[in-house]
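Have your viewer ready and try each task before you read on.

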Amino acid sequence: MAIREVHIGVELELLRSLTSSDFIALAPLPDDTGRSYWKYAVGNRNDRYQQMVIKKVGLGLAAAVLRLGRWVKLDDANPRLHQERLQCPVMLAERLLSAAAFPLVTNSSHRMLGLLYIGKREQTRFEPGEIQAVQGRIHTVASYIEDILNETAT
């Protein structure tokens, strides 16, 4: 396992702890096709996330992030939580009750390099401090993904 992948695993565990989340996944976006797969995950109950294609015209929070270019969440603050949860493949596969997805962008680049997905199985709401914790660490995770994408491009 490459050292960067070890760093990514450590960051995902740290974010899981800071957000009291049960599941965290990361998907690099290797090119501008807007289509990718979840490559890294922590707290997963199965490997179904690896089969899911992420694309702009798809369903769920990840597709919403690709379309909107900003973070989104689905928790009990949304009155349509139960209906929208049924259209989110990751939430169904991992039995999540609340989730949030974030675009990965470095400080030096405005290009979306990947997606970060967090979810909870028992709590149905994210506290503002938990969202801020993710936003505070997201550039670090994005820099690891940028390094991996640069290595694979050469």
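**Exercise 1.** Is Lys120 buried or exposed?

*Solution.* A word on the model comes before the steps. This is a predicted model, in which local features need pLDDT of at least 70, side-chain atom pairs count only at pLDDT 80 or more, and totals for chains, interfaces and linings use all residues. Residues are numbered from 1 along each chain as its sequence is written, and side-chain values use heavy atoms, with hydrogens and water left out.

Step 1: take the cut-offs, where buried means under 20% relative accessible area, exposed over 50%, and partly exposed in between (1.4 Å probe, protein chains only). Step 2: Lys120 has a relative accessible area of 1%, so Lys120 is buried.

**Exercise 2.** Which backbone oxygen does the side chain of Lys120 reach, and which residues does Lys120 touch?

*Solution.* Step 1: the side chain of Lys120 reaches the backbone oxygen of Arg125 at 3.2 Å. This is a polar contact (a pair of N or O atoms within 3.5 Å; within protein, one must be able to donate a hydrogen and the other to accept it, and residues adjacent in sequence count only if both atoms are side-chain atoms). Step 2: contact means heavy atoms within 4.5 Å. Not counting residues up to four places away in sequence, Lys120 touches, among others, Thr19, Ser20, Asp22, Leu97, Phe126 and Glu130.

**Exercise 3.** Where is Thr19 found, and what does its side chain reach?

*Solution.* Step 1: Thr19 sits in the loop between α1 (3-18) and β1 (23-28). Step 2: its relative accessible area is 0%, so Thr19 is buried. Step 3: the side chain of Thr19 reaches the backbone oxygen of Leu15 at 2.7 Å. Step 4: leaving aside neighbours within four places in sequence, Thr19 is in contact with Ile118, Lys120, Glu130 and Val134.

Now compare Ser20, found in the loop between α1 and β1. Ser20 is partly exposed at 42% relative accessible area, and its phi is near 55°, a positive value in a residue other than glycine. Most residues other than glycine have a negative phi.

**Exercise 4.** How many aromatic pairs are there?

*Solution.* Step 1: apply the rule that rings of Phe, Tyr and Trp (its six-membered ring) pair if their centres lie within 6.5 Å; planes under 30 degrees apart count as stacked, over 60 as edge-to-face and the rest as tilted. Step 2: the count comes to four aromatic pairs.

Step 2: the ring centres of Phe23 and Tyr49 are 6.4 Å apart and the planes are at 65°, so this pair is edge-to-face. Phe23 lies in strand β1 and Tyr49 in the loop between β3 (40-42) and β4 (53-55), so the pair ties together parts that are 26 residues apart in sequence. Both Phe23 and Tyr49 are buried.

Step 3: the rings of Trp71 and Phe102 have centres 5.5 Å apart and planes at 15°, so that pair is stacked. Trp71 is partly exposed, at 29% relative accessible area, whereas Phe102 is buried, at 1%.

Step 4: ring pairs link Phe23, Trp38, Tyr49 and Tyr117 into a cluster.

How values were computed: Helices (H or I, at least four residues) and strands (E, at least two) are DSSP runs, numbered from the N terminus.
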